Amino acid sequence: MSVPQPVLEIAGLRKSYKGHLSIGRREVIKGLDLTIQPGEVFGLLGQNGSGKTTTLKMILSLIFPDAGRISLFGTDYRSVAHRHRIGFLPENPWFYEYLTGREFLDFYGQLFGYGRAERSARAEAVLARVGMSDRAGLPLRKYSKGMLQRIGMAQALINDPEFVILDEPMSGLDPIGRREFRDIILDLKRRGRTIFFSSHILSDAEAICDRVGILKDGRIGVEGRLADLLSPAVRSWEVMYAGPPFAQLMSVAAGGDGGCQLLSDRGPESLVAVHDEKVLSKLLDSIRTQGGRLISVSARRETLEDLYVKEVSGR
Amino acid sequence: MKIMAIAANTFKEAIRDRILYLLLAFAILMIGASRLLSLMTVGSEEKIVKDIGLASIALFGVAVAIFVGVGLVFKEIEKRTVYTLVSKPIRRSQFILGKYCGLVLVLAVNLAVMTAVFYLVLIQRGWMDWRLTGAIWLTFIELMLVTAIAILFSSFSTPILSSLFTVTFFIIGHLSWGLRLMADKVEGVAAKFLCEFFYRVLPNLELLNMRGRAVHGLELPESQMAFATLYGLSYTAVLLALAVATFRRRDFL
Amino acid sequence: MLRALQRRLIWPLAIVVPACAAAWSWDRLESAGSQDGPGASVLYLPSGRYLKAASLGFPEVLADAIYIWSIQYYSNYTAADRFAYLDHIYSGVITELDPHYVDPYLIGSLIMSTEAGDHEMALRLLDKGIAANPHEWILPFEAGFTCYNDIKDFQRAAAYFEKAIANPEAPGAIRRMHAEMFNKLGDKRASLDYWLEVHETADDAYVEDISWRHVHDLRIEIDLQTLREALEAWKSSPRGAGQYPQSLLELVRAGVISREPIDPDGVAYAYDPATGQVRSASPFRLYRRGPA
């Protein structure tokens with residue numbers, strides 16, 4: 001059984017930007033390695049300005065790297081033929097204002113070399129997928145941000161690509177839009193497509209990615225399956241109860257010490273965070289003995305946010 | 001062909017640019033106003049109307065080439081429409097050439113409209129001289145050249161700088177003979193060489209200027225027309241090649 | 001209350017006061033500059049050769065504009081010293097920008113001649129025009145006419161008219177003027193030759209008639225001159241011995257003149273042997289000749 005070829009392979013990628021006139025170069029990507037397998041959803045995470053967009057642009061030959069190797073579908077990434085199998089949605093896309101949605105998709109269809117009938121069919125198909133069929137007759141300059149994002153997704157999918165690259169696809173979308181986009185991405189995954197997207201919204205990444213990579217200092221510092229990255233250990237508990245005030249409980253439970261933290265105090269209910277197992281049992285006892293009513297206890301494990309913050313702000 | 005698709009798209013985009021209509025209105029105004037102006041003269045009104053007509057066509061053509069042309073490429077990059085375009089299976093060369101062709105199409109339409117208005121004015125007064133078409137044809141070639149300059153600069157520079165550079169080259173193009181004079185008058189082998197060098201290398205737009213001759217009803221010999229056309233088109237080809245070369249290695253930040 | 005009033009006044013004042021100041025200063029400037037004539041600063045334009053550079057490939061349009069300006073400027077009689085740059089404007093600027101533009105040569109020379117009274121300047125301008133436009137008959141014609149009418153230099157006028165008639169489109173009247181110049185110069189024989197040419201090539205009745213009249217009168221004048229010379233020669237010769245011959249036939253017999261002199265109408269010349277006066281019996285056809 002042969003190992004399937006990675007869709008994308010990057011090794012030793014470097015890119016620096018020339019500064020303004022006298023101020024020197026700034027190296028943005030300092031030796032980035034990355035591999036994406038077919039059929040997976042990969043999320044590239046990182047702070048603003050960390051170089052996520054730069055990396056994506058290099059894959060698409062919008063920018064040229066200083067050093068390193070990129071290969072798509074096993075061959076050199078610069079071949080124009082690859083572009084038939086790729087779809088790209090840039091961040092904050094902007095399109096020709098005076099064209100209607102349909103005309104726009106038709107124009108892009110021409111760039112793929114599709115005949116008129118095929119262009120029309122494909123355009124209608126993607127418009128239906130992104131939910132824009134009824135508004136495709138409007139000129140693009142009248143589109144809202146959400147509509148632009150959708151038509152952007154439509155043009156990325158018009159050639160039914162195997163590999164879809166999305167730069168901050170959810171930015172500017174309302175909650176319904178985000179749900180719909182998530183569904184589109186998951187649907188693509190179900191059909192066996194490979195998706196590579198960059199984001200700094202962790203909840204999205206958590207919901208749809210198979211693997212993530214965190215871009216920091218020009219390299220991917222942490223990378224892998226979410227399940228593998230996040231420690232399963234319980235980090236803390238959150239206890240919600242009603243009854244005696246916290247201060248009273250504290251003295252009894254912790255022996256005047258830390259280990260407990262009042263998170264919120266809304267009317268009769270209080271929420272307390274506890275980091276130590278022993279302190280937890282003391283607190284639970286204390287609630288019972290003081291005549292309080294336990295409402296809930298929940299365990300908090302490491303989230304992606306925890307991991308991200310830890311990675312990005314330095315150990 | 002993919003270049004034609006981009007050209008068609010560029011044409012549609014430029015046609016809806018309001019600057020175009022402003023410039024067209026000015027041109028038509030000028031041609032109309034020339035009739036009024038000619039009332040202030042003693043002697044031949046015909047010459048004045050023809051001079052101003054040809055000058056309007058040329059100057060507004062250059063203005064369109066610069067303002068619309070420079071803006072086109074820059075707008076694509078600024079507004080990031082280029083990102084999705086270049087990620088499709090087209091070469092960058094096709095993109096730039098398509099843009100150029102679209103722009104030339106716009107210029108041709110512009111020129112045709114202005115020429116039609118101009119000719120109508122002339123026919124109405126009985127001053128029509130079909131030899132003017134020769135001068136207008138060479139003006140069109142000149143516009144193609146200037147547009148190529150505009151595209152070249154806008155493939156790597158901001159619109160303001162590109163416009164400035166293009167205007168500068170237009171001016172230099174009409175002052176070529178000044179370089180020749182300088183080459184004669186200046187002293188020193190190096191200086192002379194530089195003057196001669198620039199004289200030959202920089203575009204000599206005066207070679208494409210037969211407007212004065214057409215107005216005076218002088219001969220526009222066919223061989224000269226042919227060579228002028230060849231010069232203009234080949235120089236344009238060189239500029240486009242440079243533009244493609246520059247555009248190919250450009251980072252779209 | 002006062003504050004409210006202030007606030008309402010401030011905007012109108014902010015517009016009206018500067019507007020008044022601008023209008024008033026504009027008015028003062030206008031009246032100060034008006035003596036110089038409209039657009040007087042154009043007078044100080046550099047020579048056409050440098051302007052050609054500034055015109056960026058549109059020297060003809062610039063020539064048109066400056067020419068139109070010049071018409072307005074020179075129609076205005078209030079400017080002091082308004083002919084100071086006349087030569088510069090027409091010769092140095094307009095015609096340098098567009099040497100083939102004929103109107104400035106004509107109007108310029110007209111202004112120079114008629115208004116400024118400098119005919120030589122006008123002729124220099126026209127010479128420039130002729131050099132640049134050798135096929136335009138009107139330029140040498142204007143020059144010739146200036147020489148004839150203003151300077152009374154018929155020699156130069158004849159030379160100019162000759163240039164003019166070299167162009168087949170030149171009106172016939174110029175050829176007639178050309179022929180008449182020689183008469184004015186006193187070279188009646190040359191005049192006759194040219195008038196004969198006009199007569200031979202005449203294609204309408206008027207020209208045929210008028211040229212015939214000139215030919216007629218010139219023949220008489222030439223004949224009379226020849227006769228007078230012959231008579232004086234006879235008188236002072238040994239044969240005549242201080243006396244005029246009895247009749248003109250004597251001159252013929254002596255071989256002094258080749259045939260009996262008759263005028264173009266076929267009438268013999270009237271000769272008075274006593275005084276030696278010879279006259280034409282037929283009247284002159286052109287009234288200006290006066291009595292023969």
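Chain B contributes 21 residues to its contact with chain C, and chain C contributes 18 residues. On the chain B side, the elements that supply two or more residues are α3 (45-78), α7 (159-174) and α10 (211-215). The model is a predicted one.

**The side of chain B that touches chain C**
- Helix α3(B) provides the largest share of this side, with five residues.
- Sorted by class, this side of chain B consists of ten nonpolar, eight polar and three charged residues.

**Secondary structure and overall form of chain A**
- Chain A contains ten helices and 14 strands.
- Chain A is more spread out than a compact globule, because its radius of gyration is 25 Å, well over the 20 Å that the globule rule gives for 315 residues.
- The C-alpha trace of chain A spans about 80 × 55 × 45 Å along its principal axes.

**Burial and contacts in chain A**
- Of the 315 residues in chain A, 37% count as buried.
- Among the contacts in chain A with a separation of 6 or more, 72% are between residues 24 or more positions apart.

**Domains of chain A**
- The domain assignment divides chain A into domain 1, residues 8-229, and domain 2, residues 234-301.

Terms used. Residues numbered from 1 in each chain as written. Chains lettered and ligands numbered in written order. Predicted model: local features only at pLDDT ≥ 70, side-chain atom pairs only at ≥ 80, totals over all residues. Contact = placed C-beta atoms within 7 Å. Helix = DSSP H or I, 4+ residues; strand = E, 2+ residues; numbered from the N terminus. Nonpolar A, V, L, I, M, F, W, Y, C, P; charged D, E, K, R; others polar. Rg over C-alpha atoms; globule rule 2.2 N^0.38 Å. Buried ≥ 20, exposed ≤ 12 C-beta atoms within 10 Å, placed from the backbone. Domains from an automatic or database assignment.
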